[in-house]
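Colleague: I have a model open and would like to go through it with you. Could you take me through it piece by piece?

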Amino acid sequence: MDKSKGMVESEISRALTHWEKEYLGRGSLTVKSDILRDMIIVTLRGILTPAEYALCKDREGILSIKNTRTSLVESGIEDLKKIIHEITGLEIVNFHTDLSTRTGERIMVFRLSDDLSDKFA
């Protein structure tokens, strides 16, 4: 790969921010991507709206927001797979995500078909 690890991580962050705005209608405040062996770990901060924070005051609201937000992200998984493949040249083997309704932070973990960190050695 002719790009540095930092350049690829930055490209992934920019692409996911663009995807959020296009697909979900708004983006997070900050995005940080890290490549670790065969994983890309993405931290998105500031994703909840003020209305969603208001709903998260009880268990029912928390579960509702988590379920809705997770369903929205997972409904766009094919787009996410395409984005990661175009940037890295690797296939996504598995995808995991979770959202903290307390901090408004989402973590995405993309498991890749090969060790991406080896490409930068």
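Colleague: What kind of model is it, and what are the ground rules?

Modeller: This is a predicted model, in which local features need a pLDDT of at least 70 and side-chain atom pairs count only at pLDDT 80 or more, while totals for chains, interfaces and linings use all residues. Residues are numbered from 1 along each chain as its sequence is written, and side-chain values use heavy atoms, with hydrogens and water left out.

Colleague: What is the average pLDDT for the protein?

Modeller: The protein averages a pLDDT of 94, and 99% of the residues score at least 70; pLDDT is the predictor's confidence in each residue, from 0 to 100. Confidence is lowest in helix 2 (residues 50–55), at a mean of 93, and highest in strand 2, at 98. Helices (H or I, at least four residues) and strands (E, at least two) are DSSP runs, numbered from the N terminus.

Colleague: Let's start with helix 4. What should its span be, and what is the distance between its end C-alpha atoms?

Modeller: Helix 4 has twelve residues (77–88), which at 1.5 Å a residue should span 16 Å, and its end C-alpha atoms are 16 Å apart, so the two agree. The expected span is 1.5 Å times one less than the number of residues.

Colleague: Which residues of helix 4 are buried?

Modeller: Ile 77, Leu 80, Ile 83, Ile 84, Ile 87 and Thr 88 are buried in helix 4, where buried means under 20% relative accessible area, exposed over 50%, and partly exposed in between (1.4 Å probe, protein chains only). They cover an arc of only 120° around the axis, which puts them on the same side of helix 4; the arc is that of the directions from the helix axis to the C-beta atoms.

Colleague: What is on the other side of helix 4?

Modeller: Glu 78, Lys 82 and Glu 86 are exposed there. The buried residues of helix 4, for their part, pack against helix 1 (5–24), strand 2 (39–45), helix 3 (59–75), strand 3 (92–100) and strand 4 (105–112). Just after helix 4 comes Gly 89, with a positive phi of about 80°.

Colleague: And helix 1, how far does it reach?

Modeller: Helix 1 has 20 residues and reaches 27 Å from its first C-alpha to its last, close to the 28 Å expected at 1.5 Å a residue. Its buried residues are Val 8, Glu 9, Ile 12, Ser 13, Ala 15, Leu 16, Trp 19 and Glu 20, and what covers them includes strand 1 (30–36), strand 2, helix 3, helix 4 and strand 4. Gly 25 follows helix 1, and its phi is positive, near 95°.

Colleague: Switching to the strands, how many bridges join strand 3 to strand 4?

Modeller: Eight bridges join strand 3 to strand 4, and the two run antiparallel; strands pair if DSSP finds at least two bridges between them. His 96 stands opposite Val 109 in strand 4. The two strands form a hairpin with four residues between them, and Gly 104 in the turn has a positive phi of about 70°.

Colleague: In what sense do strand 1 and strand 2 pair?

Modeller: Strand 1 and strand 2 pair in the antiparallel sense over seven bridges, with Val 31 opposite Leu 44 in strand 2. They form a hairpin with two residues between them, where Arg 37 in the turn has a positive phi of about 50°.

Colleague: How many aromatic pairs are there in the whole structure?

Modeller: A search of the whole structure finds two aromatic pairs. The rings of Trp 19 and Tyr 23 have their centres 5.2 Å apart and their planes at 15°, so this pair is stacked. Rings of Phe, Tyr and Trp (its six-membered ring) pair if their centres lie within 6.5 Å, and planes under 30 degrees apart count as stacked, over 60 as edge-to-face and the rest as tilted.

Colleague: Where is Thr 101, and what does it touch?

Modeller: Thr 101 is in the loop between strand 3 and strand 4 and is buried, with a relative accessible area of 11%. Not counting residues up to four places away in sequence, Thr 101 touches Leu 48, Tyr 53, Cys 56, Ile 62, Ile 65 and Lys 66, contact meaning heavy atoms within 4.5 Å.

Colleague: Last one, which residues does Gly 61 touch?

Modeller: Gly 61, which lies in helix 3, touches Leu 55 and Cys 56, not counting residues up to four places away in sequence.
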